[in-house]
Every structure is written in C-alpha cells, then in structure tokens.
Amino acid sequence: MSKILLVEDDFEALTTYLTLAVSVNQLECLKVLLELGDAAHLQERTLEEDDDSLLQLCVEHGSPEMLRTMLAAGMKASAEPESPWMHCCIHGSVEHARVLKEFGGDV
C-alpha cells in the first residue's frame, strides 16, 4: 500500500472517520485510518476539532486490542484532557486499564 500525502484540510475528515471507527469498535478500519497520518497528530487534531477523547471513547466502546493499537501507533494517554486511566476505573474496564499500564498510561 503506498502512502498518501495528506493536506491539513484532510485531517478534519480523517479525524471524523477515526472517531466513528473507535465509537463502533471497528479495529480493521482504525488500522487503515492510522496508516494515513501520524497518530499523535491525529489525536491532537481530534481534540481540537471535536473535543472527543479518542482513548476515553475507546475505553467506553472499543476493545482493549483497539486501545493497544492506538497507543502502539503513537497516541499518548498524557495528551488527553482527562485521564483515560481514571475513565477505566470509573467504568470498571480492567482489560483497558492493563493496556494503559503496558504503555505507561496508568496515571
């Protein structure tokens, strides 16, 4: 698969699709979307555009493997406005908390 160069305007559409993929737990779709842009930048742009926290959204609707994929791609728990770790505690998401701990996001 060849890399596609994104212009800044493309990120608005990409972050919308990324949020949708996470909210409906579509891991394969998420992987394809993450290949299109830098994960840390996508996380930042999503927070700017939608005020959605992708990692918290994943704790609520996604699988632990989806969370692992997002973190492995370069997203950071520390970049979120509220702690995804605390979100795991509130929702009793033990498996998601284990994934966060694996990536140092257990704060």
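Mentor: Buried means under 20% relative accessible area, exposed means over 50%, and partly exposed lies in between, using a 1.4 Å probe and protein chains only. Of the 107 residues of this chain, 41% count as buried. The model is predicted: local features need pLDDT of at least 70, side-chain atom pairs count only at pLDDT 80 or more, and totals for chains, interfaces and linings use all residues. Residues are numbered from 1 along each chain as its sequence is written, and side-chain values use heavy atoms, with hydrogens and water left out.

Trainee: How many helices and strands does the secondary structure of the chain come to?

Mentor: Helices (H or I, at least four residues) and strands (E, at least two) are DSSP runs, numbered from the N terminus. Here there are seven helices and zero strands, and reading along the sequence gives α-α-α-α-α-α-α.

Trainee: What share of the contacts with a separation of 6 or more comes from residues 24 or more positions apart?

Mentor: Contact means heavy atoms within 4.5 Å. In this chain, residues 24 or more positions apart supply 69% of the contacts with a separation of 6 or more.

Trainee: Which residues of α4 are buried?

Mentor: The buried residues in α4 are Leu 54, Leu 55, Gln 56, Leu 57, Cys 58 and Val 59. Helix α4 spans residues 54–61, and six of its eight residues are buried, so the helix is largely enclosed by the rest of the structure.

Trainee: And in helix α2, which residues are buried?

Mentor: Helix α2 runs over residues 27–35, and Leu 27, Leu 30, Leu 33 and Leu 34 are buried there.

Trainee: At what angle do α2 and α5 pack?

Mentor: Axes are lines fitted to C-alpha atoms, for helices over the stretch in contact, and angles run from 0 to 180 degrees between N-to-C directions. Helix α5 covers residues 64–73, and α2 packs with α5 at about 10°, their axes 10 Å apart. That makes the two helices roughly parallel (under 35 degrees; over 145 is roughly antiparallel, 65 to 115 roughly perpendicular and the rest oblique). On the α2 side the contact uses Leu 27, Leu 30, Lys 31 and Leu 34, and on the α5 side Glu 65, Met 66, Thr 69, Met 70 and Ala 73. By class, this contact has six nonpolar, one polar and two charged residues. Nonpolar covers Ala, Val, Leu, Ile, Met, Phe, Trp, Tyr, Cys and Pro, charged covers Asp, Glu, Lys and Arg, and the others, Gly among them, count as polar.

Trainee: What is the handedness of the crossing of α5 and α7?

Mentor: A crossing is left-handed if the near helix is turned anticlockwise from the far one by less than a right angle, and right-handed if clockwise. Helix α7 spans residues 94–102, and α5 and α7 pack at about 20° with axes 9 Å apart. The two are therefore roughly parallel to each other, and their crossing is right-handed. Pro 64, Leu 67, Arg 68 and Leu 71 of α5 make the contact with Glu 95, His 96, Val 99, Leu 100 and Glu 102 of α7. The classes are five nonpolar, one polar and three charged residues.

Trainee: How do α6 and α7 pack, by angle and distance between axes?

Mentor: Their angle is about 160° and their axes are 9 Å apart. That makes α6 roughly antiparallel to α7, and α6 passes α7 in a left-handed crossing. Pro 84, Trp 85 and Cys 88 in α6 meet His 96, Ala 97, Leu 100 and Lys 101 in α7. By class, the contact has five nonpolar, one polar and one charged residues.

Trainee: Is His 87 buried or exposed?

Mentor: His 87 is found in helix α6, residues 84–91, and counts as buried at 12% relative accessibility. Not counting residues up to four places away in sequence, His 87 touches Gln 56, Val 59 and Glu 60. His 87 and Ala 97 are ten residues apart in sequence and 8.9 Å apart in space, C-alpha to C-alpha.

Trainee: Where is Ser 53 placed, and what does Ser 53 contact?

Mentor: Ser 53 is in the loop between α3 (39–50) and α4. Ser 53 counts as buried, with 12% relative accessibility. Leaving aside neighbours within four places in sequence, Ser 53 is in contact with Leu 47 and Glu 80.

Trainee: What is the phi of Asn 25?

Mentor: Most residues other than glycine have a negative phi. Asn 25 is not a glycine, yet has a positive phi of about 55°. Asn 25 is in the loop between α1 (10–23) and α2, and counts as partly exposed at 33% relative accessibility.
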